[in-house]
Amino acid sequence: MIKLQPLRIPAGWEIVFNKFMETDIEDYPDNSDIWMDFTEDILYLKRKNRQYLIGIDLGWYPDMDPSGAFHIKVIVDENWSEPVREYVTRKRKEAVDIIENLLLRYCGDYNVSLDLKQPKKMVRLSREEIHDYVEKIRMGSGNDQEVGEWISQISASVPNRDIIGTIMSGNKVTTEEIVDKLYQADIIYL
């Protein structure tokens with residue numbers, strides 16, 4: 001029997017619904033009944049902060065399609081048409097890391113305010129674009145405003161929240177290794 005996926009959920013979050021199963025898609029053929037559990041409504045958590053109602057939504061798109069992927073969205077004040085963050089992955093463990101990281105990130109209003117100030121249609125960077133920006137930052141290129149914009153764009157494109165710490169992790173680390181780390185959803189303990 002498949003169990004629910006364990007999650008580390010900080011105090012203050014409400015589980016609205018949870019059908020997130022502890023199963024890896026690689027274990028099942030395309031014609032398996034398991035795909036009936038991979039729907040647009042897998043997990044929804046919400047939290048009312050002082051100023052905002054935050055929602056973290058996990059769904060599988062396209063619905064019940066073996067070629068689909070997990071979509072994780074951060075919804076503010078039930079504005080489903082404009083999520084402030086969105087991540088896509090086919091890996092359950094990566095989805096868990098992203099969700100747990102977001103649960104910590106949005107325990108207060110500060111990060112919500114920052115994310116709401118970002119341009120609504122911020123384009124998610126490709127891996128190559130992230131590599132170029134990381135290289136520029138490490139080489140000391142760009143003025144403060146440009147570097148700040150690059151970091152914001154990188155932050156909107158990868159699950160790792162320690163952008164600056166990861167980029168500045170030392171001269172013995174290659175840019176490619178840094179980009180790999182940026183795509184890992186490290187849990188940040190507050």
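Biologist: How are helix 3 and helix 6 oriented to each other?

Modeller: Start with the general idea. Two packed helices are described by the angle between their axes and the distance between the axes. Now this case, in a predicted model. The axes of helix 3 (residues 127-139) and helix 6 (residues 175-182) come within 10 Å. They cross at roughly 120°. Angles of 65 to 115 degrees count as roughly perpendicular and those over 145 as roughly antiparallel. Helix 3 and helix 6 are therefore oblique to each other.

Biologist: Is the crossing of helix 3 and helix 6 left-handed or right-handed?

Modeller: Right-handed.

Biologist: Which residues make the contact?

Modeller: Helix 3 supplies Arg-127, Ile-130, His-131, Val-134, Glu-135 and Arg-138. From helix 6 come Thr-175, Glu-176, Ile-178, Val-179, Asp-180 and Leu-182. Sorted by class, the contact of helix 3 with helix 6 holds 5 nonpolar, 2 polar and 5 charged residues.

Biologist: Let's turn to the sheet. In what order do the strands come?

Modeller: The general idea again. Strands of a sheet pair through backbone hydrogen bonds, either parallel or antiparallel. Here, 5 strands form an open sheet, and the order is 1-2-3-4-5. The pairing is antiparallel.

Biologist: Which are the edge strands?

Modeller: Strand 1 (14-18) and strand 5 (85-89). Each pairs on one side only. On average, neighbouring strands of this sheet are turned by 15° against each other, direction ignored.

Biologist: How many bridges join strand 2 to strand 3?

Modeller: There are 6 bridges between strand 2 (residues 43-48) and strand 3 (residues 53-61). The two run antiparallel. They form a hairpin, with 4 residues between them. Leu-45 stands opposite Ile-56 in strand 3. Arg-47 has Ile-54 of strand 3 as its bridge partner.

Biologist: And what is the bridge partner of Ile-56 in strand 4?

Modeller: Val-74. Strand 3 and strand 4 pair in the antiparallel sense over 8 bridges.

Biologist: Where does helix 1 lie?

Modeller: Helix 1 (residues 92-105) lies across strand 2, strand 3, strand 4 (69-76) and strand 5. Its direction is at about 10° to strand 4.

How values were computed. Residues numbered from 1 in each chain as written. Predicted model: local features only at pLDDT ≥ 70, side-chain atom pairs only at ≥ 80, totals over all residues. Heavy atoms only, no water. Axes fitted to C-alpha atoms, helices over the stretch in contact; angles between N-to-C directions. Parallel < 35°, antiparallel > 145°, perpendicular 65-115°, else oblique. Left-handed = near helix turned anticlockwise from the far one by under 90°. Contact = heavy atoms within 4.5 Å. Nonpolar A, V, L, I, M, F, W, Y, C, P; charged D, E, K, R; others polar. Pairing = 2+ DSSP bridges.
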